[in-house]
Structure formats: structure tokens, C-alpha cells
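Below are my notes, as numbered points, to read alongside the structure.

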Amino acid sequence: MTSEFISNQFLFDLILTLTMYNNYKLQTLLFMKADISPFNFKNIRNSLFRFSLLLLVALQISSCGSAKKSSYFNEVGNNSFATYFEPLEPILQKNDLLSINITSLNAEVTEMFNLANNAGGAQPTGYLIDQDGFIRFPVLGKIEVSGLTKKELREYIRGELISKKLLMEPIVDIRFMNFKVSVLGEVNQPAVFTIPNEKVTLLEALGMAGDMTIYAQRNNVLLISEEDGVKSTKRIDLTSDELFTSPNYYLRPNDIVYVQPNDRKVRNTSNAAQWFSVILGSLSLAVISISTFK
């Protein structure tokens, strides 16, 4: 149990006790219709005023979270970070959808290799890697692509077109058509995002999701990745500068970023109705009592 939880719980109990006590005194006076002198009425009004101030101050204190827990990269000063890793080139996997575009000096012959990109309809169909890890490419037939990078597949197709004298100096461009990342949990706009340029950092993904809420655990962000049917999880601390030199700085296709709620969110959710009823009851009774004793 953290010191923040203890202090907040103490404030809650204190306010609840004071509220019940003041409500009891006011209800007793109202019920008994006591003859209250102007002097006593002034004391009661001053007491209510002081209690209201105490209530507002206590609520402000209990609602204020730690600034460090609500911000990114607290340890980062005027530093520079050397990037020792290149953005990871994703490994092609089953169910990936690829756009493969061929260009060369012979436009008529080249056109037959781009049928999947010009199949008509609202969107190009592309090349779907099947459950065995293959695609079917015009003329070249079945190509096993699962486990390769885009660069390796690009060089393979280019080499086959040249060696079989199908094209001279072809240019092969391969892009993902389903490069997506998901951002869930304590963010303002959780969603699945399509990344057209196939390059996105963890911070950019959080930005697309509208940033974290005030209730997010910034030191315990969960990253879920999948490669060759095997899921892996990593915990990332966004209050530290280690992210800048981490291979997790760039996301891969189908990565899932889950931002967990902090303890404050859980407490606020469970106590919200109780807080609301206590405050509303106190303020209502104060208004009624002041109107009655005027």
C-alpha cells in the first residue's frame, strides 16, 4: 500500500466523518426548530463556511496526482542519444498482404507482373501470404516468402526476372498493405491504426491515440508482438530515457500497445458514487440550513 493511497484514504475518512457530524448537527437543529440567536446563527454560518473551505482543500489535495507520475521521461535532461539500432525491417509472415509493383523499360511486358495491383475494384487485391508461407506470382509461380524480409524478397524477384530474361533492369517495390498497430487502454482515442509509410514509433502511436489519460501507468506500458505465431510481451517505462536506445522504439506490424490504468483510477471509480453523494448532501443541507435560519 503506497503512501499516496494512505493519505488519500485518510482524507476521505476525515471528510466523511466531518460531513456526517455537520449533517447531524444541522439535522438536529432543523428537527428541533431551536430558537437560534443572531449570534449563534453567525457561528453556525462561519462553521459551515470553514467546513466548505476544508472540503474544497481536501478534495484538491486528494485529486492532485504526482507530477512525475503524469509526465514522460522525467530523467531526461539536455542529453543526446546515439541510436545503435536501425528501424527493424519486419519479417514477412503468414496472412501478410503485400503490394508488389514492377517497373522496367518495357512497359508492355511489365504490365503482366502488376495484375494484382490493377485488378479493379475499390482497392488493389495485393498478394496474400497463405498458411504455408507462399504467394503466387505471375510467371514465377509459387514463391516461399514467409521468414524473409522485404529486401530479401525484392532481391529474389529481381534476380529471377533477370536470370530468366523476362525483364531488363527491373525495379521491384514491395510494401505492406496491412501494416497496422493497435493502441488500447488508458488513452483518449483507442483504435487500430493503419501506417501507410510502414514506420511508426511507440510515441507516435500514442500520439495518434490522443495521448495517455491522466490515469495511465506511464512506467508500465505493455507491448504485445507476434512473430511466426509466437506472441511476446514487453514492459516499457516511459518515465525513463531507455526507450530512445531500445529496439522497441519502433513498432512492428500488428503490434498491440496496452496502457494500464493506475491505482488512482481504480480508487476513483470505486469511490466516485460515495464521494458524489457525500458532497451533494453536504452542500444541499448547508443551503437549506442557511435559508431556514435567515
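1. The side chains of threonine 239 and aspartate 237 make a polar contact at 2.5 Å. (A polar contact is a pair of N or O atoms within 3.5 Å; within protein, one must be able to donate a hydrogen and the other to accept it, and residues adjacent in sequence count only if both atoms are side-chain atoms.) Threonine 239 sits in the loop between strand 9 and strand 10 (256–261), and its relative accessible area of 14% makes it buried. Buried means under 20% relative accessible area, exposed over 50%, and partly exposed in between, with a 1.4 Å probe and protein chains only.

2. A word on the ground rules. This is a predicted model, in which local features need pLDDT of at least 70 and side-chain atom pairs count only at pLDDT 80 or more, while totals for chains, interfaces and linings use all residues. Residues are numbered from 1 along each chain as its sequence is written, and side-chain values use heavy atoms, with hydrogens and water left out.

3. Now the overall picture. The chain has 6 helices and 10 strands; these are DSSP runs numbered from the N terminus, helices being H or I of at least four residues and strands E of at least two. Of its 294 residues, 36% are buried. Among contacts (heavy atoms within 4.5 Å) with a separation of 6 or more, 68% are between residues 24 or more positions apart.

4. Which strands stand at the edges of the 5-stranded sheet? This open sheet has the order 7-6-10-8-9 with mixed pairing. Strand 7 (191–194) and strand 9 (230–236) are at the edges; each has a single partner strand, so one side of each lacks a neighbour in the sheet. The twist averages 20° from one strand to the next; angles run from 0 to 180 degrees between N-to-C directions, and axes are lines fitted to C-alpha atoms, for helices over the stretch in contact. Strand 6 (residues 180–185) pairs antiparallel with strand 7 over 4 bridges, and valine 181 stands opposite phenylalanine 193 in strand 7. Two strands count as paired if DSSP finds at least two bridges between them.

5. The other sheet to look at is open too, with 3 strands in the order 2-1-5 and antiparallel pairing. Its edge strands are strand 2 (127–128) and strand 5, each pairing on one side only. Strand 1 (residues 97–103) is joined to strand 2 by 2 bridges and to strand 5 by 6 bridges. Leucine 97 has leucine 128 as its bridge partner in strand 2. Helix 4 packs on the sheet, touching strand 1 and strand 5, and its direction makes about 150° with that of strand 5.

6. Proline 170 is buried because its relative accessibility is 2%. Leaving aside residues up to four places away in sequence, its contacts are Ile102, Thr103, Ser104, Arg158, Leu161 and Ile162.

7. Glutamate 198 is buried at 15%, and lysine 150 is buried at 11%. Another salt bridge joins glutamate 169 to arginine 158 at 3.4 Å; glutamate 169 is exposed at 56%, while arginine 158 is partly exposed at 28%.

8. Finally, two backbone angles. Most residues other than glycine have a negative phi, and most peptide bonds are trans. Lysine 165 has a positive phi, near 55°, and glutamate 198 also has a positive phi, near 60°. Lysine 165 lies in the loop between helix 4 and strand 5 and is exposed, at 76% relative accessibility.

Definitions and conventions
A salt bridge is a side-chain nitrogen of Lys or Arg within 4 Å of a carboxyl oxygen of Asp or Glu.
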